[in-house]
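Let's take a walk through a protein structure together. Have a look at the sequence and the 3D view, and then read on.

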Amino acid sequence: MDISKQKIDAPCPACGHKNSITLAQVNREETITCLCGQRIQLQDSDGSSKRATQNINRAMTDLKKALKGFGR
Ligand SMILES: [Zn+2]
């Protein structure tokens, strides 16, 4: 599982269409184009999505370590 591939909805400010984007796209602050043609600049202004991605990845790593230890 890669949390950065987690899908989230980015509602279009023009038409309200919920665009399906990934956390990785938000991390890269990509510009997406809505079905209606509106360009949406993804913003991770407070770094919260980056932090969430890192935190969850770390948690997964810890879990894998824990599982390895458990098998011994
Ligand atoms: Zn739109």
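This is a predicted model: local features need pLDDT of at least 70, side-chain atom pairs count only at pLDDT 80 or more; totals for chains, interfaces and linings use all residues.

Which residues does isoleucine 40 touch, once its neighbours within four places in sequence are set aside? The contacts of isoleucine 40 are Cys12, Pro13, Asn19, Glu30, Thr31, Ile32 and Cys34.

Now step back and follow the chain as a whole. Its secondary structure consists of two helices and four strands. Reading from the N terminus, you will pass them in the order β-β-α-β-β-α.

Next, consider the overall shape. Along its principal axes, the C-alpha atoms fill a box of roughly 55 × 20 × 15 Å. The radius of gyration of the chain is 16 Å, while a compact globule of 72 residues would have one near 11 Å. Of the contacts between residues at least 6 apart in sequence, 19% join residues at least 24 apart.

Two loops deserve a visit. One lies between helix H1 (23-27) and strand S3 (31-33), and glutamate 29 is found there. Most residues other than glycine have a negative phi. Glutamate 29 is not a glycine, yet its phi is positive, at about 50°. With 35% relative accessibility, glutamate 29 counts as partly exposed.

The other loop connects strand S4 (39-41) to helix H2 (48-71), and here you will find serine 45. Is serine 45 buried or exposed? Serine 45 counts as exposed, because its relative accessibility is 72% and the cut-off for exposed is over 50%. From serine 45, look across to lysine 64, 19 residues away along the chain: their C-alpha atoms are separated by 31 Å.

Buried residues make up 28% of the 72 residues. The accessible surface of the chain comes to about 5,300 Å², and carbon and sulfur atoms account for 52% of that. The chain carries 12 positive and 7 negative charges, and the mean positions of the two groups are 8 Å apart.

Note on methods:
Residues are numbered from 1 along each chain as its sequence is written. Side-chain values use heavy atoms; hydrogens and water are left out. The radius of gyration is taken over C-alpha atoms; the globule rule is 2.2 Å times the number of residues to the power 0.38. Buried means under 20% relative accessible area, exposed over 50%, partly exposed in between (1.4 Å probe, protein chains only). Contact means heavy atoms within 4.5 Å. Accessible areas come from the Shrake-Rupley method with a 1.4 Å probe; for residues, only the protein chains shown count as cover. Lys and Arg count as positive and Asp and Glu as negative; His and the chain ends are not counted. The place of a charge is taken as NZ of Lys, CZ of Arg, CG of Asp or CD of Glu.
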